[in-house]
Amino acid sequence: MSRVGKLPIAIPQGVTVEIKDSVCTVKGSKGTLTQTLRPEVKVEVNGNEVIVSRFDDEKLSKSYHGLTRQLVANMIKGVHDGYSKVLIINGVGYRAEVKGSVLTLNLGYSTVIEYMIPEGITITSDGQNKLTVSGISKERVGQVAAEIRSLRGPEPYKGKGIKYETENIRRKVGKSGGKK
């Protein structure tokens, strides 16, 4: 039995979960998310909790058991609380600004980068060097944060670039550090 898959998912107050024709729909105060379910697993709503089970002990079924449970749990948490990632911009002259649905980034290139903010995602800037990406879908928030980070990833010598707030960059000494 999957250790993750066998755990029941508690449904918080104000969140509704519907399963119909192998599609799971979760509605909450922040919005609605849907997920197509695999035929190897069965998802049931019992009172105020969701239970995910599998039909057989095939390897593929075991794989999808824990995955499906975690996807449904992420959907429930997303429509109830939401997800957010914080990005830090380091570097002289590096800055970001949000104007409507466009994120304008100055990252040391000869041109200014304009990133179109996808629907369902909100980006706020706390000052010029801190961005907060938030939304109800964990997958979309992570994808947008990764796309923004990839525009100028952190470099190991001076630490310039875009990094996650919790990320730890291993610094290198450089040329003069090895000489005596």
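Visitor: What percentage of the 180 residues of the protein chain count as buried?

Guide: Burial is read from relative accessible area, where buried means under 20%, exposed over 50%, and partly exposed in between, with a 1.4 Å probe and protein chains only; in this predicted model, 35% of the 180 residues count as buried. Local features need pLDDT of at least 70 and side-chain atom pairs count only at pLDDT 80 or more, while totals for chains, interfaces and linings use all residues. Residues are numbered from 1 along each chain as its sequence is written, and side-chain values use heavy atoms, leaving out hydrogens and water.

Visitor: What radius of gyration does the protein chain have?

Guide: The radius is taken over C-alpha atoms, and the globule rule is 2.2 Å times the number of residues to the power 0.38; the protein chain has 21 Å, whereas a compact globule of 180 residues would have a value near 16 Å. Its C-alpha trace spans about 65 × 45 × 25 Å along the principal axes.

Visitor: Where is the place of V112?

Guide: Strands are DSSP runs of E with at least two residues, numbered from the N terminus, and V112 is in the loop between β9 (102-106) and β10 (113-116).

Visitor: Why does V112 count as partly exposed?

Guide: V112 counts as partly exposed because its relative accessibility is 47%.

Visitor: Which residues is V112 in contact with, leaving aside its neighbours within four places in sequence?

Guide: Contact means heavy atoms within 4.5 Å, and, with those neighbours set aside, V112 is in contact with T104, L105 and N106. V112 and G174, by comparison, are 62 residues apart in sequence and 29 Å apart in space, C-alpha to C-alpha.

Definitions and conventions. Helices (H or I, at least four residues) and strands (E, at least two) are DSSP runs, numbered from the N terminus.
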